[in-house]
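Here is a quick walk through a model with more than one topic worth a look. Have the sequence and the 3D view open while you read.

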Amino acid sequence: MIIIGERINGMFKDIGEALRNKDPKPLQHWAVKQEEGGAHYLDVNSGPAVPTEERPEAYKWMVNVLQEVSKLPLCLDSTNYDAIQAGLELCQRPALINSVPAERAKIERVFPMAVQFNASVIGLTMDKKGIPKDAENRVAFAMELVAAADEFGLNMEDLFIDPLILPVNVAQEHAPEVLESLRQVKMLANPAPRTVLGLSNVSQKSPDRHLINRTYLAMAMAVGLDAAIMDANDDDLVDVAATGQILLNKSIYADSYLKVFRAR
Amino acid sequence: MPVTLVKERFPSKVGEVILGATSEQGGTRTSTVVVGGDNLLPFLHFEGKVVNRPVIAMEVTDIVPPWNEAIKAQFGDVLDNPAAWAQKCVNEFGADLIYLKLIGADPEGFNRSPEDCARVVKEVLAAVGVPLVVVGCENAEKDNEVLAAVAEAGAGENLLLGLAEQDNYKSITAAAMVHKHNVIARSPLDINICKQLNILINEMGLPLNRIVIDPMIGGLGFGIEYAYSIMERARLGALANDKMLSMPMICTVGYEANRSKEANASAEEFPGWGDLAQRGVLWETLTATALLQAGASILLMRNPEAVKLVQRNIADLVDAEVGA
């Protein structure tokens with residue numbers, strides 16, 4: 001299970017302020033803290049804190065200050081592909097591009113860039129019209145992304161399909177459709193593409209966030225989830241990821257398995 | 001129609017462990033041995049690289065061992081002299097390592113003192129230039145004393161010391177850390193205990209590249225398939241980047257193969273089984289070659305004729321070209 005720490009995001013107040021003041025400390029603090037918590041990647045998102053035209057510079061700055069303190073690979077999170085490219089040029093380890101929808105123009109922009117920088121790509125099962133309601137249409141978009149990987153020469157393991165989970169308090173009917181999508185996406189190719197979810201989305205604005213995240217993570221792992229953008233400092237949640245790996249027979253049991261899951 | 005080979009790519013590899021130390025490295029060995037390092041399933045050359053060939057550690061005991069005559073006769077008159085015996089293993093039979101078993105320490109037997117045991121280790125170190133594996137008499141309490149003395153006497157030689165087990169690993173790990181040796185972590189044909197023991201030893205502060213796994217084995221006909229499947233899982237774990245299973249493995253082939261009736265009973269007793277001398281050699285050889293295929297890096301061996309055959313097998317496997 002690949003854990004992508006979600007905390008370095010301009011939507012959080014401390015990170016937003018840090019971006020406006022060019023203060024590296026909060027970013028570096030969360031880089032170290034998330035790695036200790038069990039993160040394998042650090043998601044990096046400026047959010048609206050930085051004006052669009054300044055984003056390429058902002059992503060360069062974020063990549064540099066994070067690489068000063070962490071060896072974790074980065075997940076560059078933006079809809080601004082010039083900003084992502086500016087960041088990729090500085091990444092010392094193969095990065096993850098977050099993200100591209102199943103739209104031809106964006107696919108043509110992002111996939112060659114991923115190949116050029118030896119990066120992986122998160123592909124969203126949506127287009128301009130938005131997120132499908134059912135599994136069937138999600139999987140159809142996934143198939144377009146799989147075909148694009150083949151077309152542009154991206155290794156199938158470097159494509160992460162995100163079937164897009166929505167908050168359960170307002171869009172409950174999506175939760176089972178996403179699970180069904182995960183199951184089917186793993187059968188689209190051999191080797192299969194990998195799968196990812198923005199996990200915290202499922203529990204937006206619900207009072208029992210942690211419980212909902214934990215429960216959905218376990219359910220999603222059982223049907224083929226490979227990675228999650230999530231709270232890497234929610235110890236119970238990381239424990240679920242570690243335990244899920246054991247129960248799926250993906251890593252070998254030892255009494256101290258929780259401890260070694262976090263050890264690097 | 002051309003057939004495309006399905007090739008597996010693994011994200012990681014078996015860790016490397018260095019045994020022995022030359023004078024520049026603070027020891028007195030004339031050569032060192034490196035095991036592990038492979039990023040493929042055993043000998044699937046088309047998938048990766050065999051970095052270090054498997055090695056043979058020949059068994060030497062500190063007192064005359066209770067082995068059958070077919071084996072003993074091949075050593076002549078050195079069996080009561082561990083130093084001369086070790087020399088013969090290296091010079092005549094081409095042993096890569098010496099596996100010295102201090103069975104004379106057994107409180108139920110000769111009950112030799114830790115000091116006496118340490119002296120034997122020093123004699124063997126002086127007699128040969130290859131690295132040494134040293135294990136006790138399999139009495140936990142006594143071994144803790146003996147191995148502490150051995151670790152001190154062999155300081156600088158980068159020995160491989162055994163055996164650390166789940167309920168008795170602390171003393172030997174501590175001794176290895178203080179005097180900079182390596183440790184054999186033995187688990188009873190159990191992948192979960194194997195991993196846990198590596199975690200526990202590592203938690204004490206011994207680096208992972210100073211641990212060698214002894215998964216325990218069964219000889220041919222006595223559960224070798226259990227050993228094979230445990231070793232395969234460990235190897236796959238190592239290749240999948242499970243750091244707590246990534247150590248090279250040592251297999252006690254000579255001991256297990258020669259415990260069987262088939263390696264000891266005479267042809268008079270079982271006429272259908274054929275000549276004992278030849279049968280014993282084959283029993284040990286086939287145990288060894290099967291476990292090489294499962295990923296063994298160090299083979300403990302006893303019978304010089306079997307050693308000769310397995311040396312040839314290793315050379316063939318390591319040099320094998322991929323068929324067209």
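What follows covers a barrel, a strand with its neighbours, and some cysteines.

## Ground rules

This is a predicted model, so local features need pLDDT of at least 70 and side-chain atom pairs count only at pLDDT 80 or more, while totals for chains, interfaces and linings use all residues. Residues are numbered from 1 along each chain as its sequence is written, chains are lettered from A and ligands numbered from 1 in the order in which they are written, and side-chain values use heavy atoms, leaving out hydrogens and water.

## The barrel in chain A

Chain A has a closed barrel of 8 strands, in the order S1-S2-S3-S4-S5-S6-S7-S8, with parallel pairing. From one strand to the next, the twist averages 30 degrees. Helices (H or I, at least four residues) and strands (E, at least two) are DSSP runs, numbered from the N terminus, and two strands pair if DSSP finds at least two bridges between them.

Take S2 (residues 41-44) and S3 (residues 74-77) of chain A: they pair in the parallel sense over 3 bridges. Val44(A) has Leu76(A) in S3(A) as its bridge partner. Helix H3 (residues 55-69) of chain A packs on the sheet and touches S2 and S3 of chain A, its direction making about 160 degrees with that of S3(A). Contact here means heavy atoms within 4.5 Å; axes are lines fitted to C-alpha atoms, for helices over the stretch in contact, and angles run from 0 to 180 degrees between N-to-C directions.

Strand S3 (residues 55-61) of chain B runs parallel to S4(B), joined by 5 bridges, and Ala57(B) partners Leu97(B). S4(B) also pairs in the parallel sense with S5 (residues 132-135) of chain B over 4 bridges, where Leu100(B) stands opposite Val134(B). From S4(B) the chain crosses through helix H3 (residues 114-127) of chain B to S5(B), a right-handed β-α-β crossover: with the strands pointing away from the viewer, the path from the first strand over the helix to the second runs clockwise.

How many disulfides does the structure hold over all chains? The count is 0, with a disulfide being a pair of cysteine sulfur atoms within 2.5 Å.

Cys89(B) is buried at 0% relative accessibility, and its sulfur is too far for a bond because the closest cysteine sulfur, in Cys117(B), is 19 Å away. Cys194(B) is buried too, at 3%; for its sulfur the closest cysteine sulfur is in Cys251(B), 11 Å away and too far for a bond.

Note on methods: Buried < 20%, exposed > 50% of the residue type's maximum accessible area, 1.4 Å probe, protein only.
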